Every structure is written in structure tokens, then in C-alpha cells.
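Trainee: May we go through this protein together? I would like to learn how to describe what I see.

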Amino acid sequence: MEKFFNDVKTAVDIFAEIRRARKEGAVVEVRKSRMLPVFNAGAGILDTVEGCTLWNHNNEVFKEIRGAFNTLPAEEKRRLAFSPKDGEFTERAYFWKALISSALPPEQTRKAMISILHWYIHIKRIH
């Protein structure tokens, strides 16, 4: 009940302020606004081009690589959340190869990297 009375008091104070401003000749514009909570959960693997490619590749492989990705520092995850630009593809491919090979056996690493490299080629073609 206390919150209700606080809301009524706030509304009365606002109304009084509006009337005072109008008497002084000011143009009064009332806008309704709300406070919205903002959560920063950081970048996840699906925020990366490579993560989306791997998700479409194989669910079990994706889960293993996601575990390795989650061990990365937040800065590194944020850096990878942006699509690679010209000149960054090779560096990113080596990075992902190292990350994937730490989580998967060589044959699965090769297949996952082929998927990523095919997607890189697709990106380069559309640009």
C-alpha cells in the first residue's frame, strides 16, 4: 500500500510542476517513460560467424567447441563477435583451428575447419 501512496504523491508533484510551468508561459510536453533493465551477458559462440557455421555442422561437435569457447576471456569473445574483415580471415582461421583442436580429435577438427573455411569463401564471394 505504501508504494501506491508514493506513486500518487509522485503524480501530484509532477502535476503541480506542470501547472506551475504553464502559468509561467512555458510549453510543457509530457512523455511517458519506463526504466528497462539491461543485461550484459557478453558474447556467446553464436555471436560469431564461426559459431553459427559450426552449429549448422554437427550438434555434438558444436557442444564441444562451445565449451572451449566459453573458457576464453570476455575481451577475446567480444573481438570474435564481429565479422572478419579483409585481411583478418587467415588469422581467425588459425585461431579457430587452435581452439577446435584443443576440444576435438584431428579428424573432427579437419571437418569443422573445412566448414568454417567454406563459409569464409562464401563471405569473400558476396563482398
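Trainee: Where is serine 102 found?

Mentor: Please keep in mind that this is a predicted model. Serine 102 lies in the loop between α5 and α6.

Trainee: Is serine 102 buried or exposed?

Mentor: Serine 102 is exposed, because its relative accessibility is 55% and the cut-off for exposed is over 50%.

Trainee: How many residues apart in sequence are serine 102 and alanine 68?

Mentor: They are 34 residues apart in sequence, while their C-alpha atoms are 7.5 Å apart in space.

Trainee: Let us turn to the helices. How does one describe two packed helices?

Mentor: One gives the angle between their axes and the distance between the axes.

Trainee: What are those values for α5 and α6?

Mentor: The angle between α5 and α6 is about 160°, and their axes are 10 Å apart. An angle over 145 degrees counts as roughly antiparallel, so α5 and α6 are roughly antiparallel to each other. Their crossing is right-handed.

Trainee: Which residues of α5 and α6 meet there?

Mentor: From α5 come Phe89, Arg92, Ala93, Trp96, Lys97, Ile100 and Ser101. They meet Thr109, Ala112, Met113, Ile116, Leu117, Tyr120, Ile123 and Lys124 of α6. By class, the residues of this contact are ten nonpolar, two polar and three charged.

Trainee: And what about α3 and α5, at what angle do they pack?

Mentor: Their angle is about 110°, with the axes 9 Å apart. This makes α3 roughly perpendicular to α5. Ile65, Ala68 and Phe69 of α3 form the contact with Trp96, Leu99 and Ile100 of α5.

Trainee: How many nonpolar, polar and charged residues does that contact have?

Mentor: The contact of α3 with α5 has six nonpolar residues, no polar ones and no charged ones.

Trainee: Which residues have the most contacts inside the largest nonpolar core?

Mentor: They are Leu54, Ile65, Phe69, Trp96, Ile100, Ile116 and Tyr120, in a core of 21 residues. At least two residues of this core come from each of α2 (49-57), α3 (59-70), α5 (89-101) and α6 (106-126).

Trainee: One last topic, then. Which residues in α2 are buried?

Mentor: Val49, Glu50, Gly51, Thr53 and Leu54 are buried in α2. The buried residues of α2 pack against α3, α5 and α6.

Methods:
Residues numbered from 1 in each chain as written. Predicted model: local features only at pLDDT ≥ 70, side-chain atom pairs only at ≥ 80, totals over all residues. Heavy atoms only, no water. Core = buried A, V, L, I, M, F, W, Y, C linked by side-chain atoms within 4.5 Å. Buried < 20%, exposed > 50% of the residue type's maximum accessible area, 1.4 Å probe, protein only. Helix = DSSP H or I, 4+ residues; strand = E, 2+ residues; numbered from the N terminus. Axes fitted to C-alpha atoms, helices over the stretch in contact; angles between N-to-C directions. Parallel < 35°, antiparallel > 145°, perpendicular 65-115°, else oblique. Left-handed = near helix turned anticlockwise from the far one by under 90°. Contact = heavy atoms within 4.5 Å. Nonpolar A, V, L, I, M, F, W, Y, C, P; charged D, E, K, R; others polar.
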